[in-house]
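My entries follow in the order in which I looked things up.

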Amino acid sequence: LVEQYLDELFEVEGVQATGFKLMLSQVKKFPSIMPYMRTHAVSAIHIIRNNALKTFISRLSARERKLYHTPENLKLRKVHIPVVNLRRNLVLVESEKEEWKRRLAGIQTLEVHYEDILRDEALVMTDIQKFIGVDCVDELKSRLLKINPDNLANLIENYDEVRHCLEGTSFERYLS
């Protein structure tokens with residue numbers, strides 16, 4: 001079923017490139033995706049966020065809002081972070097990066113850092129177009145907007161508690 005869907009997706013005539021968002025949970029649920037990608041020489045653009053705490057917060061916020069992407073500005077909504085398992089959750093977020101690297105072995109991959117997209121979207125999009133072999137005629141620009149602010153003190157409802165939990169750990173660097 002997955003292979004049939006992917007065959008149909010990649011057989012569209014007259015299209016320079018076809019893509020889809022692939023999440024780790026989907027790869028785990030449908031393990032035949034990765035062998036398909038290797039067999040059919042499907043390239044991957046792996047978007048990585050350097051700050052595991054911001055990744056964790058984005059996931060919490062998205063689950064609460066039931067909104068993962070938006071082209072509209074949203075009202076700031078502070079997030080309460082349970083600190084009981086926070087360090088363990090950050091270890092899991094970081095380990096996902098390593099799991100992706102293992103799963104992407106043997107697949108032509110462009111690694112893109114989320115922070116680079118925010119810093120210079122035009123340059124990153126040009127790199128992506130070159131990677132996927134699409135003519136760089138028009139400047140690509142995402143219609144999606146960043147939902148959460150960079151200053152975590154403005155975003156985390158219990159910031160002092162989170163800061164105290166992460167002080168003196170390798171995760172403390174994610175607070176700045």
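Is A41 buried or exposed? I found a relative accessibility of 64%, so A41 counts as exposed. I note that the model is a predicted one.

Next I placed A41 in the chain. I found A41 in the loop between α3 (33–39) and β1 (44–48). I then looked up its backbone: A41 has a positive phi of about 50 degrees, although A41 is not a glycine. I wrote beside this that most residues other than glycine have a negative phi.

I turned to E115, which sits in helix α6 (residues 114–119). I saw that E115 is buried and yet has no salt bridge. Which side chain of opposite charge is nearest to E115, and how far away is it? I found R49, at 4.5 Å; a salt bridge needs a distance within 4 Å. I did find that the side chain of E115 reaches the backbone nitrogen of N50 at 2.9 Å. Leaving aside neighbours within four places in sequence, I listed I48, R49, N50 and N51 as the contacts of E115.

I checked the length of helix α5 (residues 86–103). With 18 residues at 1.5 Å a residue, α5 should span 26 Å, and I found its end C-alpha atoms 26 Å apart, which agrees. I also looked up which residues of α5 are buried, and these are L86, L90, V93, E99 and W100.

Last, I looked at the aromatic rings. I counted three aromatic pairs. Ring pairs join F10, F20 and Y36 in a cluster.

Notes. Residues numbered from 1 in each chain as written. Predicted model: local features only at pLDDT ≥ 70, side-chain atom pairs only at ≥ 80, totals over all residues. Heavy atoms only, no water. Phe/Tyr/Trp six-rings, centres within 6.5 Å; stacked < 30°, edge-to-face > 60°. Helix = DSSP H or I, 4+ residues; strand = E, 2+ residues; numbered from the N terminus. Expected span 1.5 Å × (residues − 1). Buried < 20%, exposed > 50% of the residue type's maximum accessible area, 1.4 Å probe, protein only. Lys, Arg positive; Asp, Glu negative; His and termini not counted. Polar contact = N/O pair within 3.5 Å; in protein donor to acceptor, adjacent residues only side chain to side chain. Contact = heavy atoms within 4.5 Å.
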